[in-house]
Amino acid sequence: MSPTETSSSTKREIQVEIPAEDVARETATLVQKYQKLARIPGFRTGHAPASIIKQRFAEGIKSDVVEALVPRYFRKETDKLGLMPVSQPRVSDLHVHDGEPLRFKASFEVMPAVRVEDYKELRADKPDVSVSDEEVEQSLKSLQEQRATFTSIEGSPLGNGDFAQVSLDGKPKDGEGSAPPAAAPGPTGTNPVHMDDILVEIGGQGTMPEFTENLRGAAAGEERTFDVHYPQDFSDQRLAGKTFTYIVKVNAIKQKSLPELNDAFAKELGEFADLAEVRTRIREGMEAEKKHTAERAAKDKLVAELVKRNDFEVPEALVEHQIDIRLDRGLRALAAQGMKAEDMKKMDLNRLRGGQRDQAVQEVKAALLLEKIAEEEKIEVSDAEIDHEVDALAEQSKQTPEAIRSRLTRDGALDRIRNRIRNEKTLDFLYRQSA
């Protein structure tokens with residue numbers, strides 16, 4: 001039967017009729033299965049007449065017939081019509097009566113007809129990725145800071161530039177919430193804490209002003225109590241606008257010493273002959289990072305422009321699937337940052353899904369367009385490229401490549417990996433030809 005016409009390019013509805021003889025044959029098969037298992041008073045198991053089985057289990061048999069035949073004949077009908085469903089069918093108008101054909105309607109989504117135009121006219125930005133001497137020196141200074149040493153000083157109170165080695169207890173003031181589990185310059189948690197051996201730089205750029213003002217002038221062994229008010233625009237929203245009371249004991253006063261930037265320092269960093277080689281390696285690393293960042297940004301702009309030039313309707317099923325992927329990725333990231341499962345359950349998933357929708361639509365469109373370009377440009381993924389990906393996954397998970405391949409094949413993930421690599425290669429092609 002022909003699909004019902006709709007105003008959507010991705011939605012279809014078909015009417016399917018299953019011949020009465022096929023329904024009768026499936027019904028008879030199911031009646032025999034029921035006969036073997038049914039326990040009916042007055043009959044030995046497996047010997048109840050078919051007529052009694054059909055009467056006693058009529059609804060169950062009818063349900064099983066529908067479950068067995070509807071998916072099978074739905075696939076046959078879509079194959080006959082040359083349609084490729086991308087969603088599960090929504091079945092309606094189900095007609096099931098003894099001795100009659102089984103009829104139903106099925107609504108579903110199909111892949112849109114994607115046409116891609118003007119992709120060879122796309123042009124990417126080519127920003128400057130050179131690294132200045134100032135940037136190299138700043139990076140070198142960061143390495144120097146990482147290897148700073150701290151020595152205790154006696155007989156003088158804390159002053160600007162000194163470091164206070166402190167123990168602290170923090171709690172919310174006037175029931176504003178729970179105190180944060182972190183050092184003085186930037187607490188970030190939500191539970192009362194006690195912490196030891198925290199270094200606080202007096203007057204340091206990353207130190208909250210209240211810590212500098214209240215600890216300046218303190219001597220080793222002295223304890224001070226004070227409030228810290230976090231501004232409304234504080235970077236951690238859990239603390240923004242709140243006030244916490246801290247009890248801080250100064251255990252020691254220390255000064256920071258930086259190592260001298262010379263060839264000996266270079267050799268301490270690793271296999272470097274001298275400081276000049278360290279600077280060269282720093283520059284090369286920064287240039288590679290800038291190039292990678294610039295290339296990623298340029299590719300993102302290319303994809304956005306590609307989608308803008310080739311707009312089309314996408315199936316809702318693909319959008320929902322992409323939202324699932326984005327949410328799963330986001331929740332995994334939150335879990336890695338320490339968010340508890342019970343806190344995740346309190347999140348408004350409907351609101352989160354809504355917030356992911358626009359980006360998910362763009363990503364689905366981009367993937368379909370890149371697949372189309374790959375077809376036109378005959379971009380393929382070799383078995384060697386798949387093997388390389390499998391080997392990398394095996395190394396990361398400390399498993400054998402054979403075990404990884406078996407699992408990926410079982411889960412249907414090898415095809416997803418192949419499609420991802422193909423899209424990445426297609427995007428590389430677009431970037432190169434856009435120069």
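**Sheet and pockets of a predicted model**

Helix 1 (20–37) and helix 3 each contribute at least two residues to the lining of the second largest pocket. Please keep in mind that this model is predicted.

I shall stay with that pocket for a moment. Its space comes to about 360 Å³. It is lined by 16 residues, and those closest to its centre are Thr27, Lys54, Ile61, His97 and Asp98. Sorted by class, the lining of this second pocket comprises eight nonpolar, three polar and five charged residues.

Helix 3 leads us to the sheet. This helix, residues 58–81, lies across strand 1, strand 2 and strand 3, and runs at about 120° to strand 1. The three strands form an open sheet in the order 1-3-2, with antiparallel pairing. Strand 1 (11–18) and strand 2 (90–95) each have a single partner strand and stand at the edges, so one side of each lacks a neighbour in the sheet. On average, neighbouring strands here are turned by 15° against each other, direction ignored. Eight bridges join strand 1 to strand 3, residues 102–109, in the antiparallel sense. In strand 3, leucine 102 is the bridge partner of isoleucine 18.

I turn now to the largest pocket, which holds about 1,500 Å³ of space. Its lining counts 35 residues, with Gln322, Glu363, Ala367, Arg420 and Asn423 nearest the centre. Two or more lining residues come from each of helix 7 (275–309), helix 8 (316–336), helix 10 (349–377), helix 12 (401–411) and helix 13 (413–433). Which element gives the largest share of this lining? It is helix 13, with 10 residues. By class, the lining of the largest pocket has 16 nonpolar, six polar and 13 charged residues.

Note on methods: Residues numbered from 1 in each chain as written. Predicted model: local features only at pLDDT ≥ 70, side-chain atom pairs only at ≥ 80, totals over all residues. Heavy atoms only, no water. Pairing = 2+ DSSP bridges. Helix = DSSP H or I, 4+ residues; strand = E, 2+ residues; numbered from the N terminus. Axes fitted to C-alpha atoms, helices over the stretch in contact; angles between N-to-C directions. Contact = heavy atoms within 4.5 Å. 1 Å grid on protein atoms, 1.4 Å probe; cavity = no way out; pocket = protein on both sides within 12 Å on 5 of 7 lines; lining within 4 Å. Points joined across faces, edges and corners; volume = space filled by probe spheres on them. Nonpolar A, V, L, I, M, F, W, Y, C, P; charged D, E, K, R; others polar.
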